[in-house]
Amino acid sequence: MRSPRAMSTPTPTPSPLQTAAIAATCAVLMAAVGAVTEGWERGPRLAVLAVSAFVLAALGTWRARAATRRECERLIRQGDEARSLRDAVMDITPVGFAYFDRDLKYVHVNAALAAMNGLPVDAHLGRHVTEVLPALGTALAPRLTRALETDSPLQDVSLQVETPAAPGEARFWFGSYSRVRGAGGAVLGVIASLSEVTERMRAEASLQEHEGRLDVLTRSLPDYLWGGKLRKGVLRDFYCTPVIERTTGYPLSAFTRTGVDGAPAPLWLEMIHPEDRARYRGCVEGLAPGTEAEVEHRLICADGRVRWVSSRAAASGMDAQGAVHLGCVVTDITDRRLAEDLRQRLHDSFRRSATEWRRTFDAVSSPLLVLSADGIIHRLNDAARALFRESDPSGQPLASTVGAPPWSSAGPLVDELRATHGSASRQVHDAESGRTWELAAAWVDEVDSEDARIILVGTEITRLLELQAHVRRSETMAAMGAIVAGVAHEVRNPLFSISAVVDAVEATFGTKPELQPYLEVLRGEVRRLTHLTQELFEYGRPARGEWTDGAVGSVVADALSACELARDKAAVTLRRELAEGLPPVRMDARRLFHVFRNVVENAVQHSPQGSTVSVTAQAVEEAGRPWVRCTIHDGGPGFRSEDLPHVFEPFFSKRRGGTGLGLSIVQRILEEHQGRIRLSNHPQGGAEVTILLPALTPAADAGSTLKSQAS
């Protein structure tokens with residue numbers, strides 16, 4: 001800003017040193033001229049001296065003016081440089097500057113102020129302050145007038161106007177005003193500096209608003225906050241929000257009376273439960289910079305009640321003084337802890353009840369399934385799970401349990417329950433395992449629930465049906481045995497007489513050739529009737545035998561040896577494949593020999609010449625039990641499907657000359673051994689007879705040995 005002294009350039013005058021130098025120079029020259037003209041006449045000498053003096057005076061004057069001109073040029077150059085520096089400084093400063101004369105007209109304006117006003121610099125110069133911006137000029141004029149009347153600078157922050165730079169928006173200004181005096185002390189004008197503080201004022205207003213909101217929020221929240229600075233593990237500059245009164249019951253003043261260096265009041269730590277105090281201090285006061293921690297602990301309130309709270313603390317980074325700013329939010333969690341304790345007790349109770357229910361459910365020996373209304377398996381007990389061969393079908397539809405009897409046959413029963421919403425039962429049989437089940441199902445509507453359940457119970461009745469069939473067969477066989485035994489006894493004596501008569505006739509008339517055919521017929525019929533009588537006796541014989549534990553391989557080998565004559569007669573091949581290490585079975589070797597001999601002879605008799613009858617024996621496991629399985633496969637035509645239901649009936653035979661008692665006797669003997677027999681046709685042709693004998697486990701084997709020794 002150019003001052004009034006710099007408004008006109010002053011005329012420089014020679015300095016005293018310069019004047020003295022010029023005078024000395026002139027004196028020396030005049031002395032030199034006087035010395036040279038000392039012998040001259042007075043007239044010429046005076047003329048020379050006068051001319052010399054004039055010349056010296058002219059030279060002195062010229063020299064003085066030249067020095068004065070150079071000094072003026074230097075001063076003008078310095079003034080221009082000063083004005084350039086001033087203008088540069090004023091143009092780059094962000095503060096607005098303006099110089100007014102005593103009439104309050106703009107003399108100089110910098111670029112910052114022109115931008116603040118929203119007008120170019122030329123629009124200000126020479127115009128009154130109220131002409132440029134009426135609103136701003138009206139506010140500035142009284143302030144500038146007061147500044148012209150005092151030497152003390154004036155300042156104010158209450159200037160609020162609207163400028164063209166931001167139309168429609170009030171702006172805030174900070175003003176500083178100072179009057180300017182000339183060299184003689186006259187007042188030349190006033191300098192004004194204006195800084196826009198709109199953003200600062202808005203920030204302060206916003207900060208005040210946010211502080212108000214924060215105060216409302218902290219008072220309305222159920223949590224209280226505290227904070228401070230952590231220096232070397234010691235808390236200082238402690239503060240807390242008033243909500244602490246509501247949580248602890250202590251007045252806020254009990255916490256605002258801090259100790260030395262701003263340490264919290266002793267109550268801040270004393271109200272923490274003694275059992276939680278060390279854990280709390282280790283978690284909060286040991287917090288590392290830039291980390292967070294949360295700890296649940298108890299507070300002892302003013303009325304003696306103990307409440308659970310959660311303190312979540314966060315630490316800032318370390319500042320220049322080595323302190324860490326610490327803030328903590330304390331939340332009352334008493335209700336949550338009580339609810340959690342109650343929920344835990346209920347959970348433990350439910351878990352115990354569920355465990356007891358599961359144990360009871362699994363303790364039921366009958367397989368149980370709980371299905372949803374759409375047939376999805378919801379729950380099953382251990383007995384039912386065992387039928388799925390160690391796979392868990394939970395969450396799968398019942399229809400997907402293919403190959404898991406009896407559940408794979410329960411679909412129609414479940415469909416019936418969906419329609420009736422009642423109860424139903426059905427008997428199903430699995431041909432592969434030979435097991436029969438009684439399935440019972442019931443529709444259950446749960447109370448206060450839209451989800452219905454289907455309870456499916458399976459009871460295996462295979463053994464029951466076998467016992468019933470055995471009882472029926474036993475009753476039939478007992479009745480038939482009594483009849484057969486009586487018939488055989490009555491037939492035996494006449495057969496003996498007929499045989500004796502045939503022997504007598506042959507001894508008396510044996511030389512006559514014409515009688516030989518008749519005698520052969522008679523002997524054949526007698527043999528047939530004798531064989532029938534023997535089988536009738538075998539069929540009706542009571543089940544008394546000599547029971548031993550041993551491998552079935554030796555019995556099969558003996559039976560095959562006994563069939564060698566029939567084998568040679570039929571021209572077939574006997575092939576046996578008996579696995580080594582077969583488990584022992586409980587058996588009557590004599591009667592079991594009759595079984596294998598009968599079955600192998602039937603296979604040989606039904607096989608064409610050149611075919612093979614194979615006999616195999618191996619250890620297997622079926623229906624969860626160990627067995628010794630013997631299979632006899634012949635090369636004959638096989639069984640007719642219409643004959644299979646009747647093959648075990650007494651006197652049923654399709655072989656000429658057969659009695660129809662062979663398989664009936666075989667079945668009876670196997671029942672005595674608790675075994676099974678199955679008849680089928682082999683996929684590659686021929687009949688296949690499968691004999692199953694229960695294998696003895698090591699425990700059962702030891703028990704039977706001890707029993708035998710005891711007997």
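**Entry 1: the core**

I started with the largest nonpolar core, which has 38 residues, and looked for the members that touch the most others: they are V552, L592, F596 and I691. I kept in mind that this is a predicted model. Which element gives the most? That is α18, with seven residues.

I then picked F596 and checked what it touches, skipping residues up to four places away in sequence. I found V552, V555, V556, A559, C630 and I691. Apart from this core lies another one, of 29 residues, and I noted W268, Y280, V295 and L299 among them. A reminder to myself: in soluble globular proteins, nonpolar side chains tend to be buried together.

I moved on to helix α16, which covers residues 553-562. Which of its residues are buried? I got G553, V555, V556, A557, A559 and L560. These buried residues pack against α17 (564-570), β17 (573-578), β18 (585-588), α18 (589-605) and β19 (612-622).

I took a further look at the pair α16 and α18. Two packed helices are described by the angle between their axes and the distance between the axes. For this pair I wrote down an angle of about 50 degrees and axes 8 Å apart. So α16 and α18 count as oblique to each other. I also noted that α16 passes α18 in a right-handed crossing.

Who makes the contact? From α16 I listed V555, V556, D558, A559, L560 and A562, and from α18 I listed A589, L592, F593, F596, R597 and V600. Sorted by class, this contact has ten nonpolar residues, two charged ones and no polar ones.

**Entry 2: two alanines**

I wanted to know where A687 sits, and I found it in strand β22. Is A687 buried or exposed? Its relative accessible area is 6%, so A687 is buried. Leaving out neighbours within four places in sequence, I found A687 in contact with I632, H633, D634, G636, G638, F639, S680 and N681. I632 is 55 residues away from A687 in sequence, yet their C-alpha atoms are 8.2 Å apart in space.

Then I looked up A115, which is in helix α3 (residues 111-117). A115 has a relative accessibility of 53%, so it counts as exposed. From A115 to P94 I counted 21 residues along the chain, and their C-alpha atoms are separated by 9.9 Å.

I checked for residues with a positive phi that are not glycine, and L104 turned up with about 65 degrees. L104 lies in the loop between β1 (96-101) and β2 (106-109). L104 is also buried, because its relative accessible area is 7%. Q674 turned up too, with a positive phi of about 60 degrees, and it is not a glycine either. I found Q674 in the loop between α19 and β21.

**Entry 3: stepping back**

Last, I looked at the whole protein chain. How many helices and strands does it have? It has 20 helices and 22 strands. Of its 711 residues, 35% count as buried. I also looked at contacts with a separation of 6 or more: residues 24 or more positions apart account for 51% of them.

Methods: Residues numbered from 1 in each chain as written. Predicted model: local features only at pLDDT ≥ 70, side-chain atom pairs only at ≥ 80, totals over all residues. Heavy atoms only, no water. Buried < 20%, exposed > 50% of the residue type's maximum accessible area, 1.4 Å probe, protein only. Helix = DSSP H or I, 4+ residues; strand = E, 2+ residues; numbered from the N terminus. Contact = heavy atoms within 4.5 Å. Axes fitted to C-alpha atoms, helices over the stretch in contact; angles between N-to-C directions. Parallel < 35°, antiparallel > 145°, perpendicular 65-115°, else oblique. Left-handed = near helix turned anticlockwise from the far one by under 90°. Nonpolar A, V, L, I, M, F, W, Y, C, P; charged D, E, K, R; others polar. Core = buried A, V, L, I, M, F, W, Y, C linked by side-chain atoms within 4.5 Å.
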